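Have the sequence and the 3D view open as you read.

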Amino acid sequence: MAYTKRVDGRKQKEIRPITAQAGVIKNADGSAYFKIGNTVAYAAVYGPRELHPKFMQDPSTGILRCNYNMMPFAGMGNRVRPGQNRRAKEISMVTEKALLPVVDLKEFPNAVVDVFIELPQTDAGSRCAGICAASIALADAGIPMKDLVSAVSVGTVDGTIIVDLDYMEEAYDASVADIPIAYIPSTDELSLLQMDGEITKDTLLEALELGKQACREIIEIQKKALKEKYLVSGEENE
Amino acid sequence: MSKKNPVREHILKALEKGVRPDGRALTEYRPVEVTYGVSKTAEGSAIVKIGETEVVAGAKLSIEVPFPDTPDEGIIMVNAELLPLSSPRFEAGPPGIEAVELARVVDRGLRESKALDLKKLCIKKGEKVWSVSVDICTLNDAGNLFDAAGLAAIAALQDAVLPSYDGAEIDYENKSNERLPLSKTPIPITVLKIGDHFIVDALQEEMTSVDARLTVTTTADGTICSLQKGGDVAVTTADIGKMIDISLEQAKMLREKL
């Protein structure tokens, strides 16, 4: 247990400071800005709207389509050529799976709810920030939802369980486990779970409990972002 | 989020009786077979059969400039093709999301377990390193491509022999007597949840009724090196614990096939 002091001085279970806002992209049906530490995500929701190509339409329900993208200048290293790479495709897919359990699109057959997530700056935890932003944006768009979804990474660095890994911790020169999760508090279920690194089953389960706790904290911030928008713009409602 | 469809109802009824469409028990694999050295042009190769699912993996070695942030490490890359010849549901064209996810899950299993000692693949720091490309191609998709692909990839790496290298040129025709520096055997096991039941080695017809899946990649000492949850339904941590237990048990069996 050599990793006793976190690189940025945070406590073991401490998440980075968060700023969250709803309704930041005026053209979108719903949108959000979500910043956690130095990771920034924008999410915009367009829909329900007609789905093209037509062969993808589902007459029994609307579908959710997520698109995650890091802007070319968003990574810690060199510029990344624009265009979706394999990693972005995978993250788009797991993001969709993370949000799907809480949205109810039965009222919108043949339609699509498009969620676009773009990041201008990242410092690890980007897919989780994207999911948090998307969750706020979907609610902001008035999509029928059973709950919000919150997401954060948990993990271990040199045997110590920590919450909300930043880039330095992900890349730490020791045994690391990086576990992004998405959590639905009302059902106590995870809709995203991935892991890279090395961990035992028991440590994993312990880490997941800490992750859920962090998600419960984050969800209050997400709710607050929505409340703030609708309190201020009371006369804009309708 | 249960889909009211007759296939799913039929599968659930059978699962309640402890049976699968093909008569297997819930945590029973179809027969597994690994054949090494199936492609003379690959530096290492293997075909894995799980029931009627058949997957071939080939490893090719080349010498490349290392990545700037890892000047003393070799390179490993995994690619997967879900070939149209292996199933009516695959179309010709660049890898779709299913192929991308498959490749990335197998890649992470190999990479995160540090099965391959990348430092030993360094020839000259900052200038030359061995680069290992593993390509996984499906020959017949009868379900459970993840596990078959993961097993084939590690088998291909085990089969690989380095070509001769005189410092200037690689001679692919003449092999050296060196193998890849492989110290672990990461095995992915995909556990699926249908209703309240957990199954392994799903047939393609079972896949359409699946609520959630968890692919757990572990090494022989029980360390988990990669997790990937899929499926539309969320799961509890209790579910996750059960799925990991099942995968640890099945990984032992699969590892013996190598």
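## Where the chains meet

Keep in mind that this is a predicted model. Chain A puts 30 residues in contact with 30 residues of chain B. On the chain A side, A:R86, A:L193 and A:K201 lose the most area to chain B, and together they make up 23% of what that side buries.

How big is an interface like this? Between chain A and chain B, about 2800 Å² is buried, and carbon and sulfur atoms give 56% of that.

## Charges and polar contacts

Six salt bridges are counted between chain A and chain B. One of them pairs B:R108 with A:E90, with the closest N and O atoms 2.8 Å apart.

Which parts of chain A give two or more residues to the side that touches chain B? They are α1 (86-99), β9 (189-199) and α4 (201-232) of chain A. The largest share, 11 residues, comes from β9(A). Sorted by class, this side of chain A has 13 nonpolar, four polar and 13 charged residues.

## A helix in chain B

Now look at α3 of chain B, residues 145-159. Its 15 residues should span 21 Å at 1.5 Å a residue, and its end C-alpha atoms are 20 Å apart, so the two values agree. α3(B) is also mostly covered, with 14 of its 15 residues buried.

Note on methods. Residues are numbered from 1 along each chain as its sequence is written. Chains are lettered from A and ligands numbered from 1 in the order in which they are written. This is a predicted model: local features need pLDDT of at least 70, side-chain atom pairs count only at pLDDT 80 or more; totals for chains, interfaces and linings use all residues. Side-chain values use heavy atoms; hydrogens and water are left out. Helices (H or I, at least four residues) and strands (E, at least two) are DSSP runs, numbered from the N terminus. The expected span of a helix is 1.5 Å times one less than its number of residues. Buried means under 20% relative accessible area, exposed over 50%, partly exposed in between (1.4 Å probe, protein chains only). Contact means heavy atoms within 4.5 Å. Buried area is the accessible area (1.4 Å probe) that two parts lose on being put together, summed over both. A salt bridge is a side-chain nitrogen of Lys or Arg within 4 Å of a carboxyl oxygen of Asp or Glu. Ala, Val, Leu, Ile, Met, Phe, Trp, Tyr, Cys and Pro count as nonpolar, Asp, Glu, Lys and Arg as charged, and the others, Gly among them, as polar.
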